[in-house]
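Open the model in your viewer and keep a selection panel at hand. The stops below give what to select next and what is there.

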Amino acid sequence: MPGGSVARILTVQQDRDEEKAGFPHMPHLPDLDKNSLGKPDQWAKFRGLAWWQLVLSITPALLLPIGGAIGGAIGAAGVFVNLSLARKPFGAPVKALAMLGVVLASCLGYFLVAGLVLNVFGG
């Protein structure tokens, strides 16, 4: 097969070029979002975060026992926003302030929505 040998020569040349540039050929990395059985890893978003990032990410979820469905929905949104912020390439102080802002906005949002529901539907 003439095309196969050309492809092999190009691959070998590319590997040598990578070694010269300081980037040795790396084997295929496993999919980190899957567990050993190949199923999706539900905890992958939490892995690799610092302890303070984990605490600030999970804090909005505390609205669930306080606020029921409304608190749970707003808290879940806050958790996802904080997990997204934790993965951004900002400095630690900026991340911490932004994540604290999300926690405070989640609490304020819950009280505003709960107050509105209470006023509209009566309590």
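The protein has 4 helices and 0 strands, where helices (H or I, at least four residues) and strands (E, at least two) are DSSP runs numbered from the N terminus. Read from the N terminus, the order of elements is α-α-α-α. This is a predicted model, in which local features need pLDDT of at least 70, side-chain atom pairs count only at pLDDT 80 or more, and totals for chains, interfaces and linings use all residues. Residues are numbered from 1 along each chain as its sequence is written, and side-chain values use heavy atoms, with hydrogens and water left out.

**Whole chain**

Colour by pLDDT, the predictor's confidence in each residue, from 0 to 100. The mean pLDDT of the protein is 80, and 68% of its residues reach 70 or more. Confidence is lowest in helix H1 (residues 2-20), with a mean of 56, and highest in H4, at 95.

Next, colour by accessibility. Of the 123 residues, 21% count as buried; buried means under 20% relative accessible area, exposed over 50%, and partly exposed in between (1.4 Å probe, protein chains only). The protein exposes about 9200 Å², of which carbon and sulfur atoms supply 71%. Accessible areas come from the Shrake-Rupley method with a 1.4 Å probe, and for residues only the protein chains shown count as cover.

Contacts, meaning heavy atoms within 4.5 Å, can be drawn as well. Among those with a separation of 6 or more, 51% are between residues 24 or more positions apart.

**The core**

Which residues form the largest nonpolar core? Select Leu49, Leu56, Val79, Leu83, Leu85, Ala86, Met99 and Val102, 8 residues in total. A nonpolar core is a set of buried Ala, Val, Leu, Ile, Met, Phe, Trp, Tyr and Cys residues joined through side-chain atoms within 4.5 Å. Helix H3 (63-86) and H4 are the elements that give two or more residues to this core. H3 supplies the largest share, 4 residues.

Centre on Leu56. Beyond residues up to four places away in sequence, Leu56 touches Asn82, Ala96, Met99, Leu100 and Val103.

**Helix H2**

Move to Leu54, in helix H2 (residues 51-58). Leu54 counts as partly exposed, at 26% relative accessibility. Not counting residues up to four places away in sequence, Leu54 touches Phe46 and Leu49.

**Helix H3**

Select Leu64, which lies in helix H3. Its contacts, leaving aside neighbours within four places in sequence, are with Gly71 and Gly72. The C-alpha atoms of Leu64 and Ala76, 12 residues apart along the chain, are separated by 8.5 Å.

Stay in helix H3 and select Gly78. Is Gly78 buried or exposed? Gly78 has a relative accessible area of 4%, so this residue is buried. Apart from neighbours within four places in sequence, Gly78 is in contact with Pro60, Val102 and Ser106. The C-alpha atoms of Gly78 and Leu63, 15 residues apart along the chain, are separated by 9.9 Å.

**Helix H4**

Follow the contact from Gly78 to Ser106, which is found in helix H4. Ser106 is buried, because its relative accessible area is 6%. Residues up to four places away in sequence aside, Ser106 touches Pro60, Leu63, Ile74 and Gly78.

Cys107 lies in helix H4 and is partly exposed, with a relative accessible area of 29%. The C-alpha atoms of Cys107 and Gly71, 36 residues apart along the chain, are 8.5 Å from each other.

Now select Lys95, also placed in helix H4. Is Lys95 buried or exposed? At 11% relative accessibility, Lys95 counts as buried. With neighbours within four places in sequence left aside, Lys95 is in contact with Trp52, Gln53, Leu85, Ala86, Lys88 and Phe90.

**The surface patch**

For the last stop, show the surface of Val113, Leu116, Val117, Val120 and Phe121. These residues form a nonpolar patch with about 480 Å² of accessible area together. Like charges are joined within 9 Å, and nonpolar side chains (Val, Leu, Ile, Met, Phe, Trp, Tyr) within 5 Å. Val120 lies in helix H4 (residues 92-121) and is exposed, with a relative accessible area of 56%.

How values were computed:
Patch = residues over 30% accessible without salt bridge, like charges linked within 9 Å, V, L, I, M, F, W, Y side chains within 5 Å. Salt bridge = Lys/Arg side-chain N within 4 Å of Asp/Glu carboxyl O.
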